[in-house]
Amino acid sequence: MSHLYYPLHSLKEGNWFKLICGASFQDLPAIRSLALAYTLAGADCIDVGADRAVITAAKEGIAAARILEREAKAKGFTYKGSPWLMVSLNDGEDPHFRKAEFDSTQCPSDCPRPCETICPADAIAFWEMDKLGVLDSRCYGCGRCLPVCPSQLIVTRSYVSTPNAIASLLQDLEIDAIEIHTKVEHREDFPRLWKAIAPWCDRLKLLAISCPDHPELIDYLHYLYELISPLPCPLIWQTDGRPMSGDIGKGTTKAAIGLAQKVLDARLPGYVQLAGGTNFHTVSKLRSMGLLGTFGVQNPSPSQNVDLLQKSKNLIPIKGKPSLEKRVRVKGEKIDENFSHSPYPFPLYPPRSPLTKGG
Ligand code: SF4
Ligand code: SF4
């Protein structure tokens, strides 16, 4: 196996291991730490938002991991090299691409602040003196705070990737892969986004298309495949079973697996990867269904993880909450459920059919 192409090898073997930082997540110290930790843990791909500062932070984490390579391997880490860097884009309104906000001057003084408690990213707090608010960089748009506000003060602000911004990112930054978030209702919008990406496709090592379920999903995916063919790189269908919900409970795994099965059964050319709804239960469930290969790697002990993460502080500044570091685990270990909604390793269905081009 070529060292450079180990992510491709993982795809072919059905052991693809991707960290999804969140399309809207912009907490730079956390992204650096996550990129570092997951690179040491042997991630094949790190998926971040289409933001220059975020991409730079992820690259810094990956570079820091390279410096720790020898020591990490000696301690049993499964470091395999630099993972592919993937950037997430959207063709229209999508919950992954939004931020919550509210005017705290309107909040009743006796409100017990359920918004603060429910936020899984610790994005809602008294960030400015006595002013409660959403820290934009941490909010990843999950929407949990919206229904709990008794005064219905919380709203969201959505954004859509623009062709000019995409072209500029692809031109200036070394990005290995792109993930496009779309949905059946965006049939008219996808071609617009694709027109901006297509000229840069030769530079990509991988394209992923993320889509939630819909009665007409399979027909839509066939339509997309026709539109993007011929593709000069591998393709992943990322099945967004229950978007941004993995930390809610065991049941979300069912939605994640169900949608992946539906897409697998359609036998579309390309690989199928589970997304929304995956959590700590997903791998064991997939294994019990015979749908996942064995990882076959030896995990370092938690104490070794902490040791290396401590050393990494000398390489990159980590200003985020210390708890974030503790929340990071390596492949195969339990991910802290308070944070598993976003930056966690995603298991992959082994492709039933080999990747083919042009249908
Ligand atoms: S609950 Fe979700 S949408 Fe609301 S502030 Fe937190 S991360 Fe953002
Ligand atoms: S739940 Fe609503 S009213 Fe209460 S503190 Fe949060 S935003 Fe303000």
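Me: Of the 14 residues around ligand 1, which come nearest?
Reply: This is a predicted model, where local features need pLDDT of at least 70, side-chain atom pairs count only at pLDDT 80 or more, and totals for chains, interfaces and linings use all residues. Residues are numbered from 1 along each chain as its sequence is written, with chains lettered from A and ligands numbered from 1 in the order in which they are written. A residue counts as near if its C-beta atom, placed from the backbone, lies within 6 Å of the molecule. Of the 14 around ligand 1, the nearest are Ala100, Cys119, Cys139, Cys142 and Cys145.

Me: And how many nonpolar residues are in the shell around ligand 2?
Reply: Ala, Val, Leu, Ile, Met, Phe, Trp, Tyr, Cys and Pro count as nonpolar, Asp, Glu, Lys and Arg as charged, and the others, Gly among them, as polar. Residues around ligand 2 include Cys107, Cys111, Cys115 and Cys149, along with Arg113 and Ser151. The shell has 1 charged residue and 1 polar one, and the nonpolar count is 10.

Me: Is strand 9 enclosed or exposed, and how many of its residues are buried?
Reply: Strands (E, at least two residues) and helices (H or I, at least four) are DSSP runs numbered from the N terminus. Buried means 20 or more other C-beta atoms within 10 Å of a residue's own, exposed means 12 or fewer, and partly exposed is in between, with C-beta atoms placed from the backbone. Leu206, Ala208, Ser210 and Pro212 point one way from strand 9, while Leu207, Ile209 and Cys211 point the other way. Strand 9 (residues 206-212) is largely enclosed by the rest of the structure, because the buried count is 7 of the 7.

Me: Which helix does the chain cross through from strand 9 to strand 10?
Reply: A crossover is right-handed if, with the strands pointing away from the viewer, the path from the first strand over the helix to the second runs clockwise. Strand 8, helix 8 (residues 190-197) and strand 9 make a right-handed β-α-β unit. The crossover from strand 9 to strand 10 is right-handed too, and its helix, covering residues 217-228, is helix 9.
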